[in-house]
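User: Could you take me through some local features of this model? I would like to begin with the sheet and then move to a helix.

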Amino acid sequence: MNAETPFTTPEDVGLDTAKLSNISNYFGAYVEKGKLAGVSTLVARGGKIAHFETVGERDRENALPMEKDTIFRIYSMSKPITSVALMMLYERGLFQLSHEVYRYIPSFKKLQVWDGGTFDDYKTKPCERAMTIRDLLTHTSGLTYGFMHVHPVDKIYRRTGIEGAATANGMNLEEFCDALADIPLLFSPGTQWSYSVATDVCGRLVEILSGQPLDKFLQENIFEPLGMVDTGFMVSAEKLCRFAANYEKDPKTKEVRLFDPGSDKSTYATPKPFFSGGGGLTSTMVDYWRFCQMFLNGGELDGVRILSPKTVDFMTLNHLPDGKTLPEMDQSAFSEVGMDGAGFGLGFSVVLDAAATQTIASEGNHSWGGAASTLFWIDPQEDLIAILMTQLMPSRAYPLRPQMQQLVYGALVD
């Protein structure tokens, strides 16, 4: 754990100790019933951590406890990190959000839109306009994910081996983008919203604009400066002893079973050529809190500035066309956090109407989650950060995220 991590008592930052203790008790019941192996939760306010507890096990098969330095697969919580990396390059004047993606990835000039048929016999039509970098950051690009299983294009992704963090065939990001350019878009860029591999394409843009592999750029420009000592695309041999196992809930039997071990047999234990900026990172609670605190501070932490405060404010505006909400633009019917009352910024979901979310929240909350049921949110109004880490797929197996919000906001007393 980072030595400089600041802790405080809940009462010192307007939180109730007894109510915060309910968080561990509540999720502990999931563990006792065998629904989750283990859970770690963190709540920080005013730049200090007021609650940080673990329950259960990080590795059920080997009876290893969940600990505060456990390393997790954060999956799509990688997306905000990659989005920040791209916006760091934006601040250097290296691109405009309105720039066509094909300026930097030439194969994207041939993009076409699905126009009916089956996955192996289909028609396409030209895009109404070219895909821009802002389309990628806001998931309005027309790209998708193979795991959606709702459209023939999803099946083309799976057949091609394009599976986000699980992308096969030994592809690197350059090869991934060139393969993606041969697959039709779901819709013309900017016309709808669909959760997608767009942030992996943002990762490739980071490589092109910086002249560095994505892993090296993140390490040198975000992880090292912020003291995120346990975050990366693989778990080294000396850290595998802290790596959590990942589980999945069988949709038919409801049984929770091992999906990926927390050992040298894990897919994260060896280096891969594909650096998934959209879902490939592992991290710890404190590392991810440090990233969130930097963002809540307006781009700075412990004297290290990552972004300008104005850039942070800009990223958390609603960037969907005409100020629309996610439900008004949704194509995929899938999001890692609730859509009601929310828009989308540059890498984050943003609450626009707290009442419409049907969970306690502040307008301006920005958040995201990961495929293994992880979650973070940042509440600028309350100067608050909350993080939940567990390892269970799919992320909608249980309503952990709204329950975490209820418990955290219920503990606010000032």
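User: What should I know about the model and the numbering?

Analyst: This is a predicted model, in which local features need pLDDT of at least 70, side-chain atom pairs count only at pLDDT 80 or more, and totals for chains, interfaces and linings use all residues. Residues are numbered from 1 along each chain as its sequence is written, and side-chain values use heavy atoms, with hydrogens and water left out.

User: In what order do the strands of the open sheet come?

Analyst: The order is β8-β7-β17, three strands with mixed pairing. Strands (E, at least two residues) and helices (H or I, at least four residues) are DSSP runs numbered from the N terminus, and two strands pair if DSSP finds at least two bridges between them.

User: Which are the edge strands?

Analyst: They are β8 (256-260) and β17 (392-393), each of which pairs on one side only.

User: How many bridges join β7 to β8?

Analyst: Four bridges join β7 (residues 246-249) to β8, and the two strands run antiparallel. K249 has V256 as its bridge partner in β8, and Y247 stands opposite L258.

User: What about the turn of that hairpin?

Analyst: Six residues lie between β7 and β8 in the hairpin, and K254 in the turn has a positive phi of about 65°.

User: And do β7 and β17 run parallel or antiparallel?

Analyst: They run parallel, joined by two bridges. E248 stands opposite M393 in β17.

User: Changing topic: why does T282 count as buried?

Analyst: T282 counts as buried because its relative accessibility is 1%. The cut-offs are under 20% relative accessible area for buried, over 50% for exposed and in between for partly exposed (1.4 Å probe, protein chains only). T282 is found in strand β9 (residues 282-283).

User: Which residues does T282 touch?

Analyst: Not counting residues up to four places away in sequence, its contacts include I71, F72, D230, M234, F243 and Y268. Contact means heavy atoms within 4.5 Å.

User: Now α6: how many of its residues are buried?

Analyst: In α6, 11 of the 13 residues are buried, so that the helix is mostly covered. Among them are D200, R204 and E207. The buried residues pack against α2 (78-91), α3 (133-138), α5 (173-180) and α7 (214-226).

User: What is its reach?

Analyst: Helix α6 (residues 198-210) reaches 18 Å from its first C-alpha to its last, close to the 18 Å expected at 1.5 Å a residue. The expected span is 1.5 Å times one less than the number of residues.

User: What follows α6?

Analyst: G211 follows α6, with a positive phi near 75°.
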